[in-house]
Amino acid sequence: MLGNGAVGILAESVNKWERRAPLTPSHCARLLHGGTGVSRIIVQPSTKRIHHDALYEEVGAEISQDLSQCGLILGIKQPKLEMILPDRAYAFFSHTHKAQKENMPLLDKILAERASLYDYELIVGDNGKRLLAFGKFAGRAGMIDFLRGLGQRFLSLGYSTPFLSLGSSYMYPSLAAAKAAVISVGEEIATQGLPLGICPLVFVFTGSGNVCSGAQEIFKLLPHTFVDPSKLHDLHRTDTDHPRHASKRVFQVYGCVVTAQDMVEPKDPKKVYDKVNYYAHPEHYNPTFHEKIAPYASVIVNCMYWEQRFPQLLSYKQMQDLMSQGCPLVGIADITCDIGGSIEFVNHTTSIDSPFFRYDPITNSYHDDMEGNGVICLAVDILPTEFAKEASQHFGNILSQFVTNLASATDITKLPAHLRRACIVHRGVLTSLYDYIPRMRNSDPEEVSENSANSLSNKRKYNILVSLSGHLFDKFLINEALDIIEAAGGSFHLVNCHVGQSAEAVSFSELEVGADDKAVLDQIIDSLTSIANPNENDRFSNQDSSKISLKLGKIEDNGMDREPDLKNKAAVLIIGAGRVCQPAAEMISSFGRPSSIQWYKTLLEDDFECQTDVEVIVGSLYLKDAEQIVEGIPNVTGIQLDVMDRASLNKYISQVDVVISLLPPSCHVIVANACIELKKHLVTASYVDSSMSMLDDKAKDAGITILGEMGLDPGIDHMMAMKMINQAHVRKGKIKSFTSYCGGLPSPEAANNPLAYKFSWNPAGAIRAGRNPATYKWGGETVHIDGDNLYDSATRLRLPELPAFALECLPNRNSLLYGDLYAITEASTIFRFSEIMATLSRIGLFNNEAHSLLMNEPRPTFRKFLFELLKVVSEDPDGPLIGENEIIERLLTQGHSKDQRIATKAAKTIIFLGLLELTEIPASCKSAFDVVCFRMEERLSYTSTEKDMVLLHHEVEVEYPDSQITEKHRATLLEYGKTVNGKTTTAMALTVGIPAAVGALLLLTNKIQTRGVLRPIEPEVYTPALDIIEAYGIKLIEKTE
């Protein structure tokens, strides 16, 4: 569904005042008719949206409540949880990337539905500035609303002012109309003046971002003068030389923009304000806003972000003191709507239709009217929607530029960097930039404050309080800091966290970091210090946004005498360094870490508190291969290991609890015998052949488990089958038929050649698999297929769940072997190219015998060799090129193909593979099979950005007693390769490596008690294994008809 070009627009449901739309009808028109690749736009009906449904229909959009056909769904605010559909991409302001607790149910829903999430707030340019924002509209609307309320407040105080004629922002048909009304007010002030009793009317602005800019934009429509903060007190001096009515103060208002240096001063009188020092150590500064600024302000327009570690602008006590001293403060426009924040007495939000409350500092009371003592406060949290038309147009102008990419995106690695960074979740998995979120969620400061003795790091012997500040989340520096802690073997617990609400604002996190070894803790401190204080020669060292500030407490020894291994230690040896090894190593090494919390809990169930650190050793014949696999994976070490070196093999097996052999099947017996001798469990992803089965008694005598067939096929296919069959048996059902399909294919966008197929490994293995004899049972009859005719036996496969996939299937080896295990009557391998491969086989391209032409010198060209196979007689086989039509005619006349369509496909494949080229065939090719494998490996390999996919599908027909109806049960696994930080892991590697890792973890945690040689066909194995695999993110879809 992702990338299908269909775009949905949600009806906003969070707030009755939310009338904005992510795209206006004009944007939809450009997208639909401008050749952008957007094929459909479906708009959920809404009677309150600023643009009526009919306007969308006029430009070709569809109106429907049902967005299920849309691959990309857009909104403004977070939708209701029930509006999240599976396998779709969503874009809206999610407020989840800082692990905001109130929005975690939304994130969980998106993860559970395997959806993707793009957050507008995270779409930033190369300069770090947000590209999609409503900040100026919040400032504009907030300022106009406050001026209206100011007129009402002055009237209650006995003063008539031009502000009284203003309406709220939403009352104007446009922003231009609202501005015209403010200009009229300004003209009246300039000509008629303001009452002397409220002059000088001083507006103090805090902040420097878009919100403040928008507020000042409205303010500047009034006759005004800006005053330096140091000159504020001069405005209140009485000028005795001139009559008050002649002063120009009456005919204008005053503005003053204050920054942090105007709000605080160093506690040490010998020091001066330093911005970097202040943001790093605000505790070294005293607040001065209440003394130097607030006494001269009539209105405070608060547009700045604030966090608790900084001094407040105004506290309850400071406000009481100001009022008792006759401060002229009339009201506060808290446009940031920072509840209980920098202005302590702003303790609740207000609504658009009732935007003010009155706070009386003397009685510390709150009122909903404009009468009486105190100050009026505006705290509306949805201001931009008051200018819904302009805000939507502004927003859509930018968003529409991104929609083309997002609507067609199936591979986020192909997106522009600013969109790729904005993707929090892709296909139900947190992207690497946001994998800190589970770690932040699993460190709840509320729980720590209630019971600090239970914090994770308090279980460690040495602890230190670390305070980090900077662009921790928008620059993803928190990832780097947490990775340093975990990679060193330390632990952390989040004590306090405040996150910046704009691109300019910094964030603050306070972590309790612990380790059982003081040297480890010292290493963590050194590493954190190094990223906080990069080398002065670093060209980035002067860019504050790429740095963090660090503050350290004292190291505390909790005085406990511990055993060295209070926390259980375990180790796993993985032998082999192929693609499968990496996902297995990553999963096992993450066991017990916060990032693995979901599947970790699934594995341990009631024993969740029993944590286990797992060290992983990856052994390969070549050290560089092992090191390449383990690069960047914490708790994983690469070693050189030759399994034929018995001493070395025994040395490393003796150091671990479980061994995973990902070697070729012929090597498993060597490893298995060593495991039996050293009494260590073994897991493989290969079929349990006779040589392994013969070790059953020895394994039982040694008290170990040899768990085979823990991959995809065999592996997940067995487990899914046994789950379905056993569920039927529990209900006393009888299995009428069982059909299984499994295969590894290119993802649809990567199937860009005549075969619609690519190889992630040597093609020889796949081609040989297509020439193995096969036996299966169909309709009660046993069917035998000779290997030479296997491709001709292919049948077409169409799956109801995946109607767009055009697939073919071949019978796979001897399916009758599994009849006694779980009543399989047919097992098939999925391909897309059997008809073409059958033609190539008949030509002789799969002949494995040495060919005389390839044994001679000089070496023949590919064209000459093809002419030999096709019996093309030419005086100069390296002469003029024959074309596709000539090849088609040869294939038909020589009987290699009986169908024009298939012959055409085969001819295109021959040309694509370069078999007509004049290039010499390498000397390593001795047979036709070698030649075609060489060309396929060259031409049918994945590029670095292309992905594969794995499809596994079971169908079981079940008869139940006393029932006339036969139930058909279907189970489907569809997994795509993943690219993270430019590193691609194939779907095949994931679906083989993860089950192998799960098998090892089940043995480590004693979830498998049976000893001997096992397959994953018993509930003891497949029940927890399937649960963990699903929790890890590999989804299995089950349906019953």
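Which residues does Leu150 touch, not counting residues up to four places away in sequence? The partners are Phe163, Leu201, Phe203, Val299, Val330 and Ile376. Contact here means heavy atoms within 4.5 Å.

This is a predicted model, in which local features need pLDDT of at least 70 and side-chain atom pairs count only at pLDDT 80 or more, while totals for chains, interfaces and linings use all residues. Residues are numbered from 1 along each chain as its sequence is written, and side-chain values use heavy atoms, with hydrogens and water left out.

Start with the whole chain. It holds 32 helices and 41 strands. Both are DSSP runs numbered from the N terminus: helices are H or I with at least four residues, strands are E with at least two. The chain has 1041 residues, and 56% of them count as buried. Buried means under 20% relative accessible area, exposed means over 50%, and partly exposed lies in between, with a 1.4 Å probe and protein chains only. The accessible surface is about 44,000 Å². Carbon and sulfur atoms own 49% of that surface. Areas come from the Shrake-Rupley method with a 1.4 Å probe; for residues, only the protein chains shown count as cover. Take the contacts with a separation of 6 or more: 71% of them link residues 24 or more positions apart.

Now go inside. The largest nonpolar core has 129 residues. Such a core is a set of buried Ala, Val, Leu, Ile, Met, Phe, Trp, Tyr and Cys residues joined through side-chain atoms within 4.5 Å. Leu150 is among the residues with the most contacts inside it, along with Ile41, Tyr120, Phe203, Val301 and Val403. Helix H4 (residues 135-156) gives this core its largest share, nine residues.

Next, look at a helix pair. The axes of H31 (residues 987-1004) and H32 (residues 1019-1032) come within 10 Å. They cross at roughly 125 degrees. Axes are lines fitted to C-alpha atoms, for helices over the stretch in contact, and angles run from 0 to 180 degrees between N-to-C directions. H31 and H32 are therefore oblique to each other. Angles under 35 degrees count as roughly parallel, over 145 as roughly antiparallel, 65 to 115 as roughly perpendicular, and the rest as oblique. From H31, the residues Ile994, Pro995, Val998 and Leu1002 take part in the meeting. H32 brings Val1021, Pro1024, Ala1025, Ile1028, Ile1029 and Tyr1032.

Turn to the loops. Tyr170 sits between H4 and helix H5 (175-192). Tyr170 is partly exposed, at 27% relative accessible area. Leaving aside neighbours within four places in sequence, Tyr170 contacts Trp17, Arg19, Ile352 and Glu386. Its C-alpha atom is 8.2 Å from that of Ala141, 29 residues apart along the chain.

Two peptide bonds deserve a check. Cys199 and Pro200 are joined by a cis bond with omega about -5 degrees. Pro200 lies in the loop between H5 and strand S7 (202-206). The bond from Asp713 to Pro714 is cis too, with omega near 15 degrees. Pro714 falls between strand S29 (705-707) and helix H23 (716-730).

Glu709 lies in the loop between S29 and H23. Its phi is positive, near 60 degrees, though Glu709 is not a glycine. Glu709 is buried, at 0% relative accessible area. Lys679 also has a positive phi, about 60 degrees. Lys679 is in the loop between helix H20 (668-678) and strand S28 (681-684). At 56% relative accessibility, Lys679 is exposed.
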